[in-house]
Amino acid sequence: MTTSSNFFEFCFRMFFSGDGAVPANGISAIPNQLAGHLEPDQIRLNSPVQQLSGNTIRLQNGEVLRAGTIVLAVDAAQSATLLGNPVVPEPSFNKTTCTYFAADPTQLTMSPEQKKLLLLNTTEVQSCIM
């Protein structure tokens, strides 16, 4: 893996494990920081995409690019348009549920035989679910 690949994997794991936070300079600091670890020929800004097909990207200016992996950071309607698929009507609402659990710290010292616990991250008390 290249250094930039390792950095992206680190960022993904950081947010996946719950250790990510919004930087002091705002959320836009995250892509700026990611871009800062790339070589100039690894990123292209302000290049509207007209169409995607497999690993081929056609820009609106007619230029064609090929990539090993393409990541779309767009909504479902834009994704469908770029991929040439029918646009699905937007749902009337999106539901998100965020649930937090806490455990009595004394329970964390009990052995699994004494108390049934599911530990998602044993290095963080906040990640313990009973």
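User: Against which strand do the buried residues of α3 pack?
Analyst: The model is predicted. Helix α3 covers residues 76–83. The packing partner of its buried residues is β1 (49–53).

User: Which residues of α3 are buried, and within what arc do they fall?
Analyst: Buried in α3 are Ser79, Ala80 and Leu82. Looking down the helix axis, the buried residues line one face, because they fall within an arc of 165°.

User: Is Ser79 buried or exposed, and at what relative accessible area?
Analyst: Ser79 belongs to helix α3. Buried means under 20% relative accessible area. Ser79 is therefore buried, with a value of 18%.

User: Which residues is Ser79 in contact with, leaving aside neighbours within four places in sequence?
Analyst: Ser79 sits in α3 and is buried. With neighbours within four places in sequence set aside, its contacts are Leu72 and Val74.

User: What is the strand order of the open sheet of three strands?
Analyst: β1 pairs with β2 in the antiparallel sense. β2 pairs with β3, again antiparallel. The order of the open sheet is β1-β2-β3.

User: Which are the edge strands of this sheet, and what is its average twist?
Analyst: β1 and β3 (64–66) each pair on one side only, and they are the edge strands. From one strand to the next, the twist averages 20°.

User: Over how many bridges do β1 and β2 pair, and which residue between them takes a positive phi?
Analyst: The pairing of β1 and β2 runs over four bridges. Ser53 stands opposite Thr56 in β2. Two residues lie between the strands of this hairpin. The one with a positive phi, near 60°, is Gly54.

User: Which residue in β3 is the bridge partner of Ile57?
Analyst: Strand β2 covers residues 56–59 and pairs with β3 over three bridges. For Ile57, the bridge partner in β3 is Leu65.

User: What relative accessibility does Val64 have?
Analyst: Val64 lies in strand β3. Leaving aside neighbours within four places in sequence, Val64 is in contact with Thr56, Ile57 and Arg58. Val64 counts as partly exposed, because its relative accessibility is 35%.

User: What distance separates the C-alpha atoms of Val64 and Leu52?
Analyst: Along the chain, these residues are twelve apart. Val64 belongs to β3. The C-alpha separation is 9.8 Å.

User: In what order do the elements of the chain run?
Analyst: There are three helices and five strands in the chain. From the N terminus on, the order is α-α-β-β-β-α-β-β.

User: What share of the chain is buried?
Analyst: The chain has 130 residues. Ser79 is one of the buried residues. The buried share is 12%.

Technical notes. Residues numbered from 1 in each chain as written. Predicted model: local features only at pLDDT ≥ 70, side-chain atom pairs only at ≥ 80, totals over all residues. Heavy atoms only, no water. Buried < 20%, exposed > 50% of the residue type's maximum accessible area, 1.4 Å probe, protein only. Arc of directions from axis to C-beta. Contact = heavy atoms within 4.5 Å. Pairing = 2+ DSSP bridges. Axes fitted to C-alpha atoms, helices over the stretch in contact; angles between N-to-C directions.
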